[in-house]
Amino acid sequence: MSVRLAVIFVHGLFSSGATWDSLVRLVNEDESMRDIDVLRYEYPTPKVSINPFRSVPTFDDAADGLATFIKNQVSSPSRIAIVCHSQGGLITQRFLSRSIQRGLRHELENIATIIMFACPNAGSEFFITFRKSARFWRQPHERSLRPLNREVIEARTIVQRNIIYADSSDPKSLHIPIFLYAGASGGIVSTSSARDGFPPENTGILPGDHFSIIKPTSSQDDVYKALRRHLVEARCKPPTSVDPNSSRRENQAEDADSNRSIDVSDLTERAERYLAQGLIAQAKATFQSAIVTNDIAALESYAKFLRRIGDSSASIEVGYRIIELLADRDDCDKYAITRSRVMSSIGITQRKMGKFRDSSYALREAVEAASGDSEGQLKARAYALDNLAHTIDRLGDIDGAKKRFQAAFRIREQVGSRLERVHSLLNIARLETRLGDLNSALEKCNEARTLLTPEDRSESAAVFSALGEIQLAMRDMGSAEASFRNALEVNLSTGRPTNIALAQHQLAGVVLERGSLFEARLLAQQSLENNTAASNIEGKNRSRQLIARIVSASGDFEQAIEILTECAEECNTSGHVTAEAWARISLAESLIKSGRRDEARDSLRRAKELATAIENSTLLAKIEEQQKFAI
């Protein structure tokens, strides 16, 4: 029986299957496309439902409807190509993620490719204030277009981990090529949103705006050429019936002799080159070829790579795999240092994910692992102490954090490098700033600056950042803004998403205080995107709190309350005491502005309990100030 290709077109918000008329006409007129079945999946997206007995389907309903449509409408055997426009791409990603979550990977095996046009992967800012206030826009699908939508972020995370960067040995993963195109003059969905978070080699820019990008007038238009190319590639792939355990069995069948013949160093270097070029899929495949030997250095490089592409959970798993391998090695100085370094890496990743107690356990083990007196172990111990201090600070143990920062600094004065001493000085300066000892903080910041050279760009940015925090505490707003702008400029040149996100967040806060809401919102949104790209859960929560403050300042108190309530609950779950207290204070501010003073007092009461427990004078002063308005 011959294999056909079923092409399923999925439309966007407030649209219908008719939006595909131009493309479908060209496919039907193309003699080379005769063995293609064209199908249009339609789901209702009215601006408002006027029938009291009929509701608008939810985002998940539309995704599950696509799954049912494929089962009922696609004949077998067939390969499938899904072509999406705008929100149709979000519906398709939700369909993929829900199939993975439900253990229905086998239902995706005949999908040969997915092509998305102008899909708002990072949300759409177009008329967002009007959309949130106009009654007819308050429907389930509009919420999926907002930049902060959690369902979209969750679906995209699963799609990236289990579809785009699929691990062939993972029975929950299945690689499906996904291609994304943005309109060169798109105003509703920006090019950065359409291409957000996907491999650069699979993205592109086509002529047209949000709507005209899928309305070619002839087969010579770029959009049709792109679609035709992907359909031809998909048509050449036979239907599959993949045994999810086959790859794992093949890996297990490889003998030791073949492993020994692998040049691990060459593979790792090649993977790093692919990564530098932005070729993520190739880098991952090359790393996986290197780690079959269980080479410790290759595994460490792979764990670092996974952190950089945002797969934190997989990075932690690789870290524990290294620890398991080290258990069989002699307890010599070299492996003690490696064990400490890997446990520190695990703890840092857990902290970024918001798992502070797990992070604390891992980092305490990292300190203990490097308990010797060799220079290597002392340096590893200082690194672990520094990071343990950061984690327990977030758990509210400020005194414990300060003691460990100081212990790390004493070690670095003995055996540390110049830049390591800079990091320790800035850590102590930041903590003293929060404790109100601003003169001492300024002294340490200036001491750190004297240790730097013009080549120390990342460390210079850190000094600007810490200096801005001190100036902000002194209420020297102009100097603080200048310091944060310097920090952002330097961080942009180094290209580290977490550092860039922090500088954008700090600058947005100062800009907000001087009343520039538009610039503050732009910076905060960019900070959120960079934290999301780095899988920095803590940073994402911080960015969302700032966006809520900006939203509140613009008058949309209800959305601010919604965001801040979620932030406070997430901080409570993860045990981040300081962040929860700040979220409760910000929530109280929005509740007061909306006239809900009883709820505001409850929020401030909870914030005071947290601030008192950790003896944070800055928080307590802010709470006392807000309580005057809650009466």
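Arg475 is exposed, at 52% relative accessibility. Its phi is near 65°, a positive value in a residue other than glycine. Arg475 sits in the loop between helix H21 (457-473) and H22. The model is a predicted one. The protein chain has 631 residues, and 54% of them count as buried. Its secondary structure comes to 29 helices and six strands.

**Whole chain**

- The protein chain exposes about 28200 Å². Carbon and sulfur atoms supply 50% of that area.
- Take the contacts between residues at least 6 apart in sequence: 66% of them join residues at least 24 apart.
- The structure contains 36 salt bridges.

**The sheet**

- Six strands make up an open sheet. Their order is S2-S1-S3-S4-S5-S6, and the pairing is parallel.
- Strand S2 (36-41) and strand S6 (203-206) stand at the edges. Each has a single partner strand, so one side of each lacks a neighbour in the sheet.
- Neighbouring strands of this sheet are turned against each other by 20° on average, direction ignored.
- Strand S4 (residues 111-117) and strand S5 (residues 178-183) run parallel and are joined by four bridges.
- Phe117 stands opposite Tyr181 in S5.
- In general, the strands of a sheet pair through backbone hydrogen bonds, either parallel or antiparallel.

**Helices on the sheet**

- Helix H2 (residues 59-73) packs on the sheet. Helix H2 touches strand S1 (4-10), S2 and strand S3 (78-85).
- The direction of H2 makes about 150° with that of S2.
- Helix H3 (residues 87-101) lies across S1, S3, S4 and S5. H3 runs at about 135° to S3.

**Positive phi at Ser86**

- Ser86 is in the loop between S3 and H3.
- Ser86 is not a glycine, yet its phi is positive, about 55°.
- Ser86 counts as buried because its relative accessibility is 8%, and the cut-off for buried is under 20%.
- Arg475 also has a positive phi, near 65°. Arg475 counts as exposed, at 52% relative accessibility.

- The side chains of Arg485 and Glu481 meet in a salt bridge, at 3.0 Å from N to O.
- Both residues lie in helix H22 (residues 477-494). They are four residues apart, so about one helical turn separates them.
- Arg485 counts as partly exposed, at 33% relative accessibility.
- Glu481 is buried, with a relative accessible area of 14%.

- Arg544 forms a salt bridge with Glu566. The closest N and O atoms of this pair are 2.6 Å apart.
- Glu566 lies in helix H26 (residues 557-574), and Arg544 lies in helix H25 (residues 537-553). The pair therefore ties together parts that are 22 residues apart in sequence.
- Arg544 also forms a salt bridge with Glu570, with the closest N and O atoms 3.2 Å apart.
- Arg544 is in H25 and Glu570 in H26, so this pair ties together parts 26 residues apart in sequence.
- Arg544 is buried, with a relative accessible area of 8%.
- Glu566 is partly exposed, with a relative accessible area of 22%. Glu570 counts as partly exposed too, at 26% relative accessibility.

**A salt-bridge network**

- Salt bridges link Asp60, Asp64, Arg94, Arg98 and Arg102 in a network.

**Helix H24**

- Helix H24 (residues 517-533) has 17 residues. At 1.5 Å a residue, H24 should span 24 Å.
- The end C-alpha atoms of H24 are 24 Å apart, which agrees with that span.
- Buried residues in H24 include Ala520, Arg521, Leu523, Ala524 and Gln525. Also among them are Ser527, Leu528, Asn530, Asn531 and Thr532.

Methods. Residues numbered from 1 in each chain as written. Predicted model: local features only at pLDDT ≥ 70, side-chain atom pairs only at ≥ 80, totals over all residues. Heavy atoms only, no water. Helix = DSSP H or I, 4+ residues; strand = E, 2+ residues; numbered from the N terminus. Buried < 20%, exposed > 50% of the residue type's maximum accessible area, 1.4 Å probe, protein only. Contact = heavy atoms within 4.5 Å. Areas by Shrake-Rupley, 256 points an atom, 1.4 Å probe, with all protein chains shown as cover. Salt bridge = Lys/Arg side-chain N within 4 Å of Asp/Glu carboxyl O. Expected span 1.5 Å × (residues − 1). Pairing = 2+ DSSP bridges. Axes fitted to C-alpha atoms, helices over the stretch in contact; angles between N-to-C directions.
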